Amino acid sequence: MLIAITRVIDRVSRLASYVAIFLVLAASMVSAFNALFRYSVSGLIYLAGPEGGGVFGAIFDIYRQNSNTLSEAQWYMFTGMVMLGGAWTLKVNEHVRVDLLYGSVSEKTRTWIDFLGGIFFLMPMCIIMLYFTWPWFLVAWNSSEGSLNAGGLIRWPVKLMIPVGFALLGLQAFAEISKCYLALTGNYVREFAYEKPLQ
Amino acid sequence: MTAFIIHYMAPMMFAGLIIFMIIGYPAAFSLAAVGLFFGFFAIELGVIQPEFLGNLTYQLYSVLSNELLLAIPFFTFMGVILERCGLAEDLLEGFGQLFGNVRGGLSYAVIIVGAILGAITGTVAASVIAMGLISLPMMMKYGYNIRHATGVIAASGTITQLIPPSLVLIVLADALGQSPGDMYIGATGASIVQVLLFAGWVFILSIFRPEYVPALPPEARTLRGWDLFWKCVRGMVPSLALIAIVLGTIFMGLATPTEAGAMGVVGAMIIAAIARRLTWDLVYQGMESTMKLTAMVVFILMGARVFSLVFQGVGGSHWIEEMLTGLPGGQVGFLIFTMVFVFIIAFFLDFFEIAFIIVPLLAPAAVALDINLIWFGVLLCANMQTSFMHPPFGFALFYLRGIAPKEVKSSDIYWGAIPWIVLQLILVGLLVAFPEMVTFFLDKPVVQDLNNIQIELPALSGGLDGAPDLGLPALGLPPASPAPTP
């Protein structure tokens with residue numbers, strides 16, 4: 001039963017992580033496009049001539065009206081990358097640890113560390129963060145808070161991402177705690193052994 | 001009793017952090033949990049107001065809306081793509097053949113390629129693994145001393161940390177509140193000196209211990225004339241073009257590091273496409289590992305912000321600042337203390353943790369002592385490089401162990417690292433003695449443009465709303481303030 005629940009949670013985190021993974025590509029492309037366009041802005045102004053207008057002037061105007069949308073979209077995507085990817089990163093055990101002790105103790109002790117750490121560190125943190133960030137999202141939602149920049153994006157989606165991310169992380173934390181519990185009481189084997197992260 | 005606890009809240013919090021970090025639960029969550037625990041404890045004791053913790057949301061939001069940190073996924077993504085497109089192979093073979101006929105030629109090739117790879121990929125793992133796989137067997141075959149061979153490969157891989165555009169410098173710039181462009185310029189001089197130091201050491205060896213670094217026999221140099229030339233060109237041209245795009249635009253003030261990183265991603269894809277290695281599989285794997293690294297790093301940063309919010313609330317920054325500025329010897333005493341401290345703590349923490357947790361604690365004291373923060377950052381970066389080389393935990397040695405042939409003993413890898421750690425410490429010493437190595441390039445007027453780019457950032461880290469507006473840079477110059485569309 002508990003195993004079934006952890007599988008469902010793993011699946012949910014995986015789905016969220018797909019979004020986060022594709023945001024990496026999307027954010028790079030949007031940012032590169034934005035930068036390339038900025039390099040060519042002076043060229044466009046030159047081509048459009050002193051009065052503006054014409055094809056180049058029109059392109060320039062479109063860019064000018066949308067550049068803030070693009071640059072804000074970049075960090076919206078960054079937020080998505082982090083908050084939606086955090087849970088999966090926990091699942092595959094890639095949140096970096098200080099492995100002075102952890103690297104040298106037995107698998108059983110590690111399971112105990114993860115079990116207690118999950119209960120006393122991670123779960124309370126997620127709950128407290130949800131408690132703080134959810135009302136904060138609601139304020140942005142109710143007031144339809146927008147960007148201060150012209151052409152900027154509306155704020156609630158990015159603010160929603162933070163409580164959603166902590167909720168996902170909390171769910172995954174529950175799954176990881178359950179896995180530790182199963183490993184400590186039964187013969188469940190945790191699949192992601194600890195490895196030093198690549199950097 | 002209560003008064004006693006209130007008075008020693010900050011030191012207790014710091015001790016709690018150390019204990020909880022050592023246990024080995026992921027650093028990001030330990031940091032946040034310690035911060036929150038002491039936060040509620042302090043509210044209970046009346047040290048801070050209950051509303052104080054409400055700032056948490058703004059702290060998190062300011063991390064996530066920081067445009068500078070976007071450079072982390074971009075540079076990582078770029079590195080992951082380049083790592084697999086065969087550039088390192090071409091470079092190493094070309095330079096190895098080119099320098100083959102001099103003593104220590106393969107070592108020089110490794111150092112130069114390490115610097116080039118450092119400038120384009122920015123990950124130690126990628127450099128060490130690529131060079132270890134290609135050069136180590138070759139060096140062993142031609143009779144290089146094994147300790148020297150493993151040492152030069154691991155050390156050249158770590159040049160990546162200091163040579164721009166490196167993630168460490170971006171992260172340090174953010175932690176110290178400096179412009180990453182300035183940080184890059186400052187680190188350029190230091191990384192050149194480092195390459196020269198390494199090459200100088202090989203040169204000394206080739207005179208006093210020629211049997212350690214023999215020249216290649218003529219039959220080993222299969223490429224000659226035009227073939228050799230083309231091999232070098234094939235490796236060099238794309239690398240230099242990419243370096244020019246990424247660093248050039250940052251130095252000229254045309255692009256922020258973030259945008260340059262994104263351009264670098266596109267450039268890396270083009271290079272991979274030319275090498276016919278650009279597959280969807282490669283891109284997807286790159287995206288996945290980039291996402292995991294980004295989430296990991298940013299969660300640490302968020303955890304560190306939660307911790308430091310409460311830590312400052314209970315007067316922690318005063319405590320640290322008093323302790324550090326009270327050190328005997330003023331500036332010099334402070335520098336010696338911090339450098340030794342960071343050197344030691346780098347045995348246990350990786351550089352993201354040092355940059356996010358330790359550096360913000362050191363920065364106010366450095367400011368109070370009137371230390372140039374760019375210089376200080378480059379010093380820290382040079383110092384943290386050694387953390388990759390410390391036996392037995394150094395990442396560079398760890399990666400090398402993973403790919404080295406069986407006949408290479410771990411003890412060889414560890415002993416081989418020692419001279420290079422000493423060289424890196426000499427670099428730190430030189431940087432302390434001659435700050436001009438860092439600041440020389442900074443005094444040029446072009447830097448003024450770079451300063452402008454970053455003017456928006458303080459507003460962001462203050463948690464205010466608003467993305468950096470790079471909307472309409474008049475004729476290529478970045479806007480000086482986040483003004484709405486003109």
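A nonpolar core is a set of buried Ala, Val, Leu, Ile, Met, Phe, Trp, Tyr and Cys residues joined through side-chain atoms within 4.5 Å. In this predicted model, the largest such core has 219 residues, and A:Met125 and B:Phe376 have the most contacts inside it. Helix α14 of chain B, residues 280–313, gives the most to this core, with 19 residues. Leaving aside residues up to four places away in sequence, A:Met125 touches A:Phe166 and A:Leu169 as well as B:Phe29, B:Ala32 and B:Leu36. Another core, of five residues, lies apart from the largest one; A:Phe37, A:Val41, A:Leu44 and A:Tyr63 are among its members.

The next topic is the interface of the two chains. Here 74 residues of chain A are in contact with 82 residues of chain B. The chains bury about 7300 Å² between them, with 73% of it on carbon and sulfur atoms. Two salt bridges are found across the interface. The side chains of A:Arg14 and B:Glu288 meet in a salt bridge, at 3.2 Å from N to O. Four residue pairs are in polar contact across the interface of chain A and chain B, both residues at pLDDT 80 or more. On the side of chain A that touches chain B, α3(A) provides the largest share, 19 residues. By class, that side has 44 nonpolar, 19 polar and 11 charged residues.

Within chain B, B:Thr76 is found in helix α5, residues 71–83. B:Thr76 counts as buried because its relative accessibility is 6%, and the cut-off for buried is under 20%. Beyond residues up to four places away in sequence, B:Thr76 touches B:Leu167, B:Thr290 and B:Leu293. B:Thr76 and B:Gly261 are 185 residues apart in sequence, with 8.9 Å between their C-alpha atoms.

Notes. Residues are numbered from 1 along each chain as its sequence is written. Chains are lettered from A and ligands numbered from 1 in the order in which they are written. This is a predicted model: local features need pLDDT of at least 70, side-chain atom pairs count only at pLDDT 80 or more; totals for chains, interfaces and linings use all residues. Side-chain values use heavy atoms; hydrogens and water are left out. Buried means under 20% relative accessible area, exposed over 50%, partly exposed in between (1.4 Å probe, protein chains only). Helices (H or I, at least four residues) and strands (E, at least two) are DSSP runs, numbered from the N terminus. Contact means heavy atoms within 4.5 Å. Buried area is the accessible area (1.4 Å probe) that two parts lose on being put together, summed over both. A salt bridge is a side-chain nitrogen of Lys or Arg within 4 Å of a carboxyl oxygen of Asp or Glu. A polar contact is a pair of N or O atoms within 3.5 Å; within protein, one must be able to donate a hydrogen and the other to accept it, and residues adjacent in sequence count only if both atoms are side-chain atoms. Ala, Val, Leu, Ile, Met, Phe, Trp, Tyr, Cys and Pro count as nonpolar, Asp, Glu, Lys and Arg as charged, and the others, Gly among them, as polar.
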